[in-house]
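Hi everyone, thanks for coming. Please have a look at the sequence and the structure on the screen, and then we'll walk through a few places together.

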Amino acid sequence: MRAVFSLTTAESKRLIAKGVVNTPVIQHALHNGKIIIAGGITNAYVVEELLGIKIEEKYRYTAGIVTQGGFQCVTPAEDRIQPYVVEQGKVSDKLWVEALEEFTADDVMVKGANALDAEGIAGVIVSNPAGGTIGRALGIVSARGSNLLVPVGLEKMVPSVSAAARAAGIGRMDYSLGQPVGLIPIINGTVITEIIALEQMFDVKATCIGCGGVGGSEGAVTLVIEGSRVPEALKLIKSIKGEPAVIGKKQRCRCQNPCNR
């Protein structure tokens with residue numbers, strides 16, 4: 001059996017979050033270890049799916065956001081929802097940096113991305129001169145063999161993350177219409193896209209055959225799935241159709257260079 005459908009970016013994020021929750025390492029850590037769900041819009045959906053906690057204003061679950069035609073604006077610290085930490089299946093009151101110091105190979109960090117290439121390498125845009133969350137976490141996660149899950153939609157495909165990392169850099173920018181940024185590649189994370197989520201949950205073959213749209217479908221992806229469990233997969237797809245778009249509040253701009261905003 002074969003089916004074709006399109007997903008808006010919000011629908012994709014919901015599907016990807018369900019895929020993250022069904023990942024074996026997440027299920028293991030949920031009962032036997034720690035999980036850090038770092039800030040990020042897609043990760044707000046992960047919080048909802050994993051913990052059953054509703055996040056109405058998902059733009060608050062991130063530090064940097066591209067919204068309303070602006071680039072990489074900053075969510076004021078007082079408005080942000082702090083990253084959730086889960087220990088032995090329960091929400092912990094620890095700060096994520098405290099939980100990270102205790103990480104082992106059984107633990108999981110969930111960190112979204114801003115770029116993904118055909119080689120499966122993800123990239124995270126950073127405006128913090130010290131590298132932000134991923135800059136602080138990558139050394140510990142890599143050194144200790146902890147699990148790094150990277151939920152990222154196919155809308156974020158770029159030709160090369162390596163080339164993107166070489167082009168970016170806060171100090172390299174002469175002008176910036178928004179926040180100047182760098183980009184950190186992630187080569188050791190497990191990427192979860194719409195394709196991976198569908199194949200993992202339903203044992204179907206999923207293929208992206210197109211991207212884009214208008215009238216609310218900007219950034220949409222069109223997928224074909226094949227396999228005996230297509231009806232089951234379509235049942236889930238139908239359940240997430242109509243997922244409301246994330247409305248980004250106008251954020252404070254901290255540009256060093258004028259951007260007429």
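Let's start with I53: leaving out residues up to four places away in sequence, I53 touches V47, E48, Y84 and V91. Please keep in mind that this is a predicted model. Where does I53 sit? You'll find I53 in the loop between α3 (41-51) and β3 (64-65).

Now to some strands. Strand β5, residues 84-87, pairs with strand β2, residues 34-37, in the antiparallel sense, and four bridges join them. In that pairing, I36 stands opposite V85 of β5. β5 also pairs with strand β6, residues 90-92, antiparallel again, over three bridges. There, E87 has K90 in β6 as its bridge partner. β5 and β6 make a hairpin with two residues between them, and Q88 in the turn has a positive phi of about 50 degrees.

Next, the open sheet. Which order do its three strands take? The order is β1-β14-β13, with antiparallel pairing. β1 (2-7) and β13 (205-211) are the edge strands, each pairing on one side only. On average, neighbouring strands here are turned by 25 degrees against each other, direction ignored. Between β13 and β14, residues 221-226, there are six bridges, and K205 has E226 in β14 as its bridge partner. Helix α8, residues 230-240, packs on this sheet and touches β1 and β14; its direction makes about 20 degrees with that of β1.

In soluble globular proteins, nonpolar side chains tend to be buried together. Here the largest nonpolar core has 46 residues, and those touching the most other members are L7, L15, I26, I35, L198, L223 and I225. Take L7: setting aside neighbours within four places in sequence, its contacts include L15, V221, L223, I237 and I240. There is also a second, separate core of 24 residues, including A99, V126, A137 and L148.

Key
Residues numbered from 1 in each chain as written. Predicted model: local features only at pLDDT ≥ 70, side-chain atom pairs only at ≥ 80, totals over all residues. Heavy atoms only, no water. Pairing = 2+ DSSP bridges. Axes fitted to C-alpha atoms, helices over the stretch in contact; angles between N-to-C directions. Contact = heavy atoms within 4.5 Å. Core = buried A, V, L, I, M, F, W, Y, C linked by side-chain atoms within 4.5 Å. Buried < 20%, exposed > 50% of the residue type's maximum accessible area, 1.4 Å probe, protein only.
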